[in-house]
Each structure stands twice: as structure tokens, then as C-alpha cells.
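Please describe the strand pairing, helix packing and aromatic contacts of the model shown below.

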Amino acid sequence: VAIWAILMSIFVLFTKAIVFSHVLFLFIIVTIVSFIYLLYGIIVATINKREGAVFSLIGMLSIVIIGINDILHDLNIINTMFLIPIGLFIFIFLQSVMVSYRFAMSFKRSEELMEKLNYTNKNLENIVKERTEEIELQKKELVSKSNNLTKTNNKLKNQANEILQKNEILGEQQEELSQVVEELRVLNDVIESTNLDLNTKNQEFVKQRDIANNQKNMIETQNKSIKESILYAKRIQSALLDSTFDTYESIENFVYFQPKDIVSGDFYWIKKIDKYLIFTVVDCTGHGVPGGFMSMLGIAFLNEIVPKTIRSGFFSKNRKINPGLILHKLRNKVKSSLHQNKDSNSLRDGMDMALCIFNTESKIMHFSGAYNPLIVIKNINNKQELIEIKGDRMPIGIYVGKEKSFTNHRIKLETNDTVYIYSDGFVDQIGGKNKRKYLSKNFKNLLMKISSYPIDMQKQLIQKEYDNWILKDNNKDKHQQIDDILIMGFKIK
């Protein structure tokens with residue numbers, strides 16, 4: 001393992017980060033396998049009740065657990081902090097406790113051996129004394145008992161040899177104690193150096209934490225300022241939309257408006273000029289702040305173009321109502337303002353819209369669309385009939401194909417006919433158990449179903465259908481809204 005670590009260190013020193021970062025997982029794998037093998041050995045030693053094995057097991061488990069934490073944290077799998085210095089401290093501390101425990105046990109055994117030695121020495125003196133007295137008393141029996149004396153001398157020699165051997169063992173144990181003391185001194189030096197490293201790293205951590213807190217406070221301040229600006233833009237956008245909405249005698253209407261973000265890229269516009277009611281639903285490129293800027297640009301252009309077009313020679317040179325002419329002028333305005341041309345580097349932002357001009361006296365409506373369609377639901381002989389008039393497949397803005405005039409459609413409306421124009425937000429909304437789009441077919445069926453209801457209730461039914469559609473399988477979580485949603489409905493009185 002040490003050789004592998006040295007090779008990996010040399011590899012890291014002499015290669016670039018983009019190279020050695022791809023092979024770090026090999027070092028991690030070898031490290032994990034080594035720790036597992038060491039852990040296995042310590043567990044076996046603990047089961048066999050080896051001295052100090054429990055302390056080594058606890059220390060190694062600390063290193064393994066904290067090492068796994070640091071690896072997972074480094075791989076951004078969990079969000080904790082680097083704890084390896086703490087793990088090393090625990091491991092070294094437990095090793096110190098183990099060495100201290102072994103030193104204490106060795107010292108205890110030494111004392112026990114000394115006691116045994118003293119006891120043996122005392123017994124030896126008594127035995128010698130007894131044997132001497134016996135020799136003095138039994139001098140006359142020396143010849144007859146010489147054999148017994150020889151045996152006794154042999155026993156004494158054996159005991160003396162045992163004492164010498166024990167003395168040698170005590171000497172060896174004293175040498176071991178000296179080695180243990182030296183190891184404790186080395187470990188103490190390591191612990192002191194480790195404490196210094198921990199203090200240094202703790203100071204660096206405090207500095208990094210202060211920097212992170214300052215950055216966090218700065219980001220929160222900037223976020224608050226940006227959000228306040230966006231909310232102010234929403235108030236401006238809401239004021240522009242509310243100023244265009246009114247109630248008219250010949251029709252009833254509703255607007256279902258649900259922006260994805262604080263400000264919307266979809267907007268609606270209604271204007272009454274003489275006997276004509278002009279209304280439109282517009283879907284600008286994007287949503288949020290970029291879409292909001294485009295929507296305010298579109299409202300400003302419509303306020304400029306529509307009244308001027310109507311009051312300066314009606315809608316076309318032949319005095320026929322032609323909403324396509326308004327779309328054409330609006331397209332030129334957008335291209336000019338955004339400096340759009342066929343160059344691939346120019347902005348491609350634009351608008352999809354449906355524009356209707358309704359004669360409140362004759363109940364004739366003219367329609368022209370850029371991608372967005374018109375839906376008319378008529379009640380013929382007590383049977384509902386849905387009429388869809390599709391818009392031209394050209395945007396209000398730069399177009400990669402050949403630009404043509406927008407088509408004008410004329411529709412004669414009757415009492416109780418219902419007219420709908422809308423953006424694609426509801427149709428494209430993801431929902432349901434299969435996580436799919438709502439689709440245009442289902443949306444038309446929804447309009448057929450609600451068209452016979454009062455106009456105020458239609459808006460509520462659309463909201464109910466949307467709420468049910470975005471529910472997930474567990475009926476608790478909801479699918480995220482993916483785009484601005486705008487639906488405008490009119491019922492002819």
C-alpha cells in the first residue's frame with residue numbers, strides 16, 4: 001500500500017490535473033481494499049482476545065467510517081465536511097491508550113515476578129538453613145545419606161537455574177519496557193505535531209468559512225435587489241395589461257392568465273376603436289424577464305400601430321378590414337427594433353399571436369394569426385360544431401423562409417357563439433401519470449365541453465382541469481409549469 005501511495009504521489013506530481021484526476025478512483029479503491037484487509041485482521045485479533053486489539057478495532061473503524069465520509073463528500077454524494085484529521089486523532093489517541101495499557105500490564109507482571117523472586121529467595125534461605133542444620137545433626141549419618149544429599153543438591157541446583165532463568169526473563173522484560181517507553185515518547189511527539197497541524201487547518205477552515213459567509217451575504221443582497229426589480233417590472237406589466245381590459249356590451253369575456261415566473265412572456269391586448277373591438281393573445285420568445293421585456297415591447301408597438309392603422313385609411317388601401325396588415329407592420333417593427341436580418345448572428349426573438357377584429361354592429365370578425373390559431377364553437381341545430389382556423393406558419397419577427405403576407409379570415413358570428421384564442425402553454429404542459437403533454441386534441445375537447453357554461457364558470461373549469469392535470473401519481477406532488485399560460489374566451493350576446 002505504501003509503495004502504491006508513493007507511485008500515485010509521483011504520478012500526481014508529474015502529470016496535469018486533467019490526467020491524474022481520472023485515475024484517483026484507483027487510489028481510492030486500493031485504499032478501501034487495504035483498510036478492509038486491516039480491519040479484517042484487527043477483527044480476528046479481537047475475536048482471539050489479543051491484548052489491545054479492541055482499541056485498534058475502534059481506532060480503525062473510526063478511520064474507515066470517516067474515510068468513507070470524506071470520499072463521499074469529495075465525490076459530492078453527501079454534503080458534510082472533511083473529518084480525516086479527527087479520525088487520525090482518534091486513531092492515534094487509542095493507540096496511545098493501547099500502548100499505555102500494555103506498559104501498565106508489563107509493569108504489573110514485573111512486580112508480580114519480583115514478588116515471586118523475593119518469595120523464592122526467602123524460601124531458599126530457609127531451605128539452606130534447614131539443610132545445614134540437618135547436616136550438622138546428621139554428620140554421623142553422612143555416608144548412609146550421601147545419596148539423599150546428592151539429590152538435594154541437584155534440586156537446589158535446579159532451583160538456582162530456575163532463578164537465573166527468571167532473572168534473565170526479568171532482564172528481557174525490562175528491555176521491552178524501555179522500548180515501550182521509547183515508543184511512547186515517539187508517539188507523544190507525533191501527537192504534538194498532529195495537534196499543531198489540526199490547529200493550522202482549523203485556522204484555515206475559519207478563514208474559508210468567513211469568506212463563504214461574506215459571499216453568501218453578498219449573493220442574498222443581490223438576489224433581494226434583483227427580485228425587487230422583477231416584482232416592480234411585474235407591477236408595470238400588470239398595469240399595462242389591466243389598462244387594456246374592459247367590459248363590452250356585445251360580448252362576455254374571460255382571461256385565464258398564469259405566468260410561469262414573476263413576469264410573463266405571454267400578454268393579451270384589447271382595444272375598442274369606434275365600432276371595432278380589437279383583441280389579441282401574444283406569446284413572446286422565452287418567459288420570465290426576457291419574455292417580459294418582449295411583451296412590453298409588443299404592447300407598445302400595438303398601441304402605436306393599431307390606432308394609426310385604423311384612423312389613417314382604415315385597414316388597407318381598398319378599405320377592407322385586414323388584421324394581416326397589422327401583423328405585417330408589427331413584424332417590421334420587431335425586425336427593425338431588434339436589428340434582425342438573415343445573418344445567423346442576429347437575434348431570433350419574436351412573437352406568435354392571434355389577432356381578431358370584431359365589428360360589434362354586424363358581428364363579423366376578421367382573424368389573422370402568426371402560428372397561433374382561432375377556435376370558434378357554434379351551436380347549430382342544438383349541436384355543437386368546432387371550427388379551427390389556423391394561423392400562418394410565420395412568426396412576428398425574422399423568418400428563415402420566404403416572407404409572405406399574413407392571411408385574413410372572415411367569420412360571421414351569431415348569438416351564443418364562443419371564440420377562443422390562446423398561447424401554447426396549456427397545450428404543451430407536462431402532466432398526467434405518463435408525464436406527457438396535454439396536446440391540442442385534448443384542449444379542443446375541453447373547450448367543447450365548457451363552451452355551453454357561463455363565461456365566468458369556464459375560467460374556473462379550465463383552472464380545475466389544469467390543477468388535475470399537473471398532479472403526479474401520489475396526488476401530492478405536482479409537475480412543474482413549463483411555460484406561460486394564456487387563454488382568452490369571448491361569448492357573443
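Predicted model: local features only at pLDDT ≥ 70, side-chain atom pairs only at ≥ 80, totals over all residues.

Residues are numbered from 1 along each chain as its sequence is written, and side-chain values use heavy atoms, with hydrogens and water left out.

**Open sheet and its helices**

Helices (H or I, at least four residues) and strands (E, at least two) are DSSP runs, numbered from the N terminus. Two strands pair if DSSP finds at least two bridges between them. An open sheet of five strands has the order β1-β12-β9-β6-β7, with antiparallel pairing. Its edge strands, each pairing on one side only, are β1 (251–258) and β7 (383–389). On average, neighbouring strands of this sheet are turned by 15 degrees against each other, direction ignored. Axes are lines fitted to C-alpha atoms, for helices over the stretch in contact, and angles run from 0 to 180 degrees between N-to-C directions.

Strand β6 (residues 374–380) runs antiparallel to β7 and is joined to it by seven bridges; I377 has L386 of β7 as its bridge partner. Helix α9 (residues 440–450) touches β6, β7, β9 (418–422) and β12 (485–492), and its direction makes about 140 degrees with that of β7. Helix α10 (residues 455–469) touches β1, β9 and β12, and its direction makes about 25 degrees with that of β1.

**Strand β3**

Buried means under 20% relative accessible area, exposed over 50%, and partly exposed in between (1.4 Å probe, protein chains only). Nine of the nine residues of strand β3 (residues 276–284) are buried, so this strand is largely enclosed by the rest of the structure. In a regular strand the side chains alternate between the two faces of the sheet. In β3 both faces are covered: Y276, I278, T280, V282 and C284 lie on one side, and L277, F279, V281 and D283 on the other.

Eight bridges pair β2 and β3 in the antiparallel sense, and F267 has V282 in β3 as its bridge partner. The hairpin of β2 and β3 has two residues between the strands, and D274 there takes a positive phi near 55 degrees. β3 also pairs with strand β4 (residues 351–359), antiparallel and over nine bridges; Y276 stands opposite N359 in β4.

**Aromatic pairs**

Rings of Phe, Tyr and Trp (its six-membered ring) pair if their centres lie within 6.5 Å; planes under 30 degrees apart count as stacked, over 60 as edge-to-face and the rest as tilted. The structure holds nine aromatic pairs, including the two tabulated here.

| Pair | Centre distance | Plane angle | Class |
|---|---|---|---|
| F89 and F93 | 6.3 Å | 20 degrees | stacked |
| F257 and Y268 | 5.9 Å | 85 degrees | edge-to-face |

F89 and F93 are four residues apart in helix α5 (residues 84–137), separated by about one helical turn. F89 is partly exposed at 38%, and F93 is partly exposed at 47%. The other pair links distant parts of the chain, with F257 in strand β1 and Y268 in strand β2 (residues 266–273), 11 residues apart. F257 is partly exposed at 27%, whereas Y268 is buried at 8%. One aromatic cluster is formed by Y422, F426, Y438, F443, Y466 and W469.

**Local details**

K433 lies in the loop between β10 (430–431) and β11 (436–437) and is exposed, at 70% relative accessibility. N76, which follows α4, has a positive phi near 60 degrees.

Notes: Contact = heavy atoms within 4.5 Å.
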